[in-house]
Amino acid sequence: MTDRQLWSYKDIAAHIRVQPDTVRSYRKHGLLPPPDHVEGGKPFWYADTVRAWAASRPRSQTRREE
(Lines give C-alpha, C1' and ligand atoms only; values in the text may rest on other atoms or scores of the structure.)
Protein backbone atom coordinates (compact mmCIF):
# COMPACT_ATOMS: atom_id res chain seq x y z
CA MET A 1 0.00 0.00 0.00
CA THR A 2 1.38 3.40 -0.97
CA ASP A 3 1.34 6.31 1.48
CA ARG A 4 0.54 9.40 -0.60
CA GLN A 5 0.47 11.78 2.37
CA LEU A 6 2.58 14.88 1.68
CA TRP A 7 5.21 15.83 4.24
CA SER A 8 6.78 19.23 4.83
CA TYR A 9 10.20 20.02 6.29
CA LYS A 10 8.64 19.89 9.76
CA ASP A 11 7.21 16.39 9.19
CA ILE A 12 10.50 15.08 7.79
CA ALA A 13 12.40 16.59 10.71
CA ALA A 14 10.09 14.88 13.22
CA HIS A 15 10.51 11.56 11.42
CA ILE A 16 14.32 11.63 11.50
CA ARG A 17 14.52 13.49 14.83
CA VAL A 18 16.29 16.66 13.75
CA GLN A 19 15.35 20.35 13.50
CA PRO A 20 13.49 21.58 10.37
CA ASP A 21 16.47 23.82 9.53
CA THR A 22 18.63 20.70 9.34
CA VAL A 23 16.29 19.25 6.71
CA ARG A 24 16.43 22.52 4.77
CA SER A 25 20.22 22.28 4.88
CA TYR A 26 20.07 18.69 3.58
CA ARG A 27 18.04 19.92 0.61
CA LYS A 28 20.38 22.87 0.00
CA HIS A 29 23.35 20.49 -0.11
CA GLY A 30 21.59 17.96 -2.36
CA LEU A 31 21.17 15.29 0.32
CA LEU A 32 17.37 15.23 0.18
CA PRO A 33 15.52 13.81 -2.82
CA PRO A 34 13.77 16.31 -5.10
CA PRO A 35 10.31 17.31 -3.86
CA ASP A 36 7.39 15.26 -5.13
CA HIS A 37 5.13 18.30 -5.14
CA VAL A 38 5.56 22.08 -4.88
CA GLU A 39 2.63 24.19 -3.77
CA GLY A 40 2.90 27.95 -3.49
CA GLY A 41 6.67 27.67 -3.73
CA LYS A 42 6.83 25.24 -0.77
CA PRO A 43 8.24 21.75 -1.34
CA PHE A 44 6.49 18.60 -0.16
CA TRP A 45 7.49 14.93 -0.26
CA TYR A 46 5.38 11.79 -0.14
CA ALA A 47 5.79 9.90 3.13
CA ASP A 48 7.03 6.84 1.22
CA THR A 49 9.71 8.93 -0.50
CA VAL A 50 10.95 10.20 2.87
CA ARG A 51 10.88 6.74 4.47
CA ALA A 52 12.92 5.25 1.61
CA TRP A 53 15.40 8.14 1.79
CA ALA A 54 15.70 7.89 5.58
CA ALA A 55 16.28 4.12 5.41
CA SER A 56 19.11 4.61 2.91
CA ARG A 57 20.92 7.25 5.01
CA PRO A 58 24.23 5.99 6.42
CA ARG A 59 23.25 6.83 10.01
CA SER A 60 20.04 4.78 9.68
CA GLN A 61 22.17 1.64 9.95
CA THR A 62 23.33 2.56 13.45
CA ARG A 63 20.21 4.34 14.63
CA ARG A 64 16.90 2.64 15.17
CA GLU A 65 13.91 4.55 13.79
CA GLU A 66 10.73 3.97 15.78
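Reader: How are H1 and H3 oriented to each other?

Author: Happy to start there, keeping in mind that this is a predicted model. Helix H1 covers residues 9-16 and helix H3 covers residues 47-56, and their axes are 11 Å apart at an angle of about 40°. Roughly parallel needs an angle under 35 degrees and roughly perpendicular runs from 65 to 115. H1 and H3 are therefore oblique to each other.

Reader: Which hand does the crossing of H1 and H3 have, and what classes of residue make the contact?

Author: The crossing of H1 and H3 is right-handed. H1 brings Ile 12, His 15 and Ile 16 to the contact, while H3 brings Val 50, Arg 51, Trp 53 and Ala 54. Sorted by class, the contact of H1 with H3 has five nonpolar residues, one polar and one charged.

Reader: And H2, how does H1 lie against that helix?

Author: Helix H2 spans residues 20-28, and H1 packs with H2 at about 105°, the two axes being 8 Å apart. Angles of 65 to 115 degrees fall in one class. So H1 is roughly perpendicular to H2.

Reader: How do the residues in the contact of H1 with H2 divide by class?

Author: On the H1 side are Tyr 9, Lys 10, Ile 12, Ala 13 and Ile 16. They meet Pro 20, Val 23, Arg 24, Tyr 26 and Arg 27 of H2. The contact of H1 with H2 divides into no polar residues, three charged and seven nonpolar.

Reader: How many aromatic pairs are there, and how far apart in sequence are the parts tied together by Tyr 9 and Trp 45?

Author: The count is two aromatic pairs. In one of them, Tyr 9 and Trp 45 are 5.5 Å centre to centre with 55° between the planes, a tilted arrangement. Tyr 9 lies in H1 and Trp 45 in strand S3 (residues 42-46), so the pair ties together parts 36 residues apart in sequence.

Reader: Which domain does UniProt list for residues 10-41?

Author: Within residues 10-41, 50% is helix and 9% is strand, and the end C-alpha atoms lie 16 Å apart. The UniProt entry, which is unreviewed, lists this span as "domain: HTH merR-type".

Key: Residues numbered from 1 in each chain as written. Predicted model: local features only at pLDDT ≥ 70, side-chain atom pairs only at ≥ 80, totals over all residues. Heavy atoms only, no water. Axes fitted to C-alpha atoms, helices over the stretch in contact; angles between N-to-C directions. Helix = DSSP H or I, 4+ residues; strand = E, 2+ residues; numbered from the N terminus. Parallel < 35°, antiparallel > 145°, perpendicular 65-115°, else oblique. Left-handed = near helix turned anticlockwise from the far one by under 90°. Contact = heavy atoms within 4.5 Å. Nonpolar A, V, L, I, M, F, W, Y, C, P; charged D, E, K, R; others polar. UniProt positions renumbered as here; feature names shortened; annotations may be inferred. Phe/Tyr/Trp six-rings, centres within 6.5 Å; stacked < 30°, edge-to-face > 60°.
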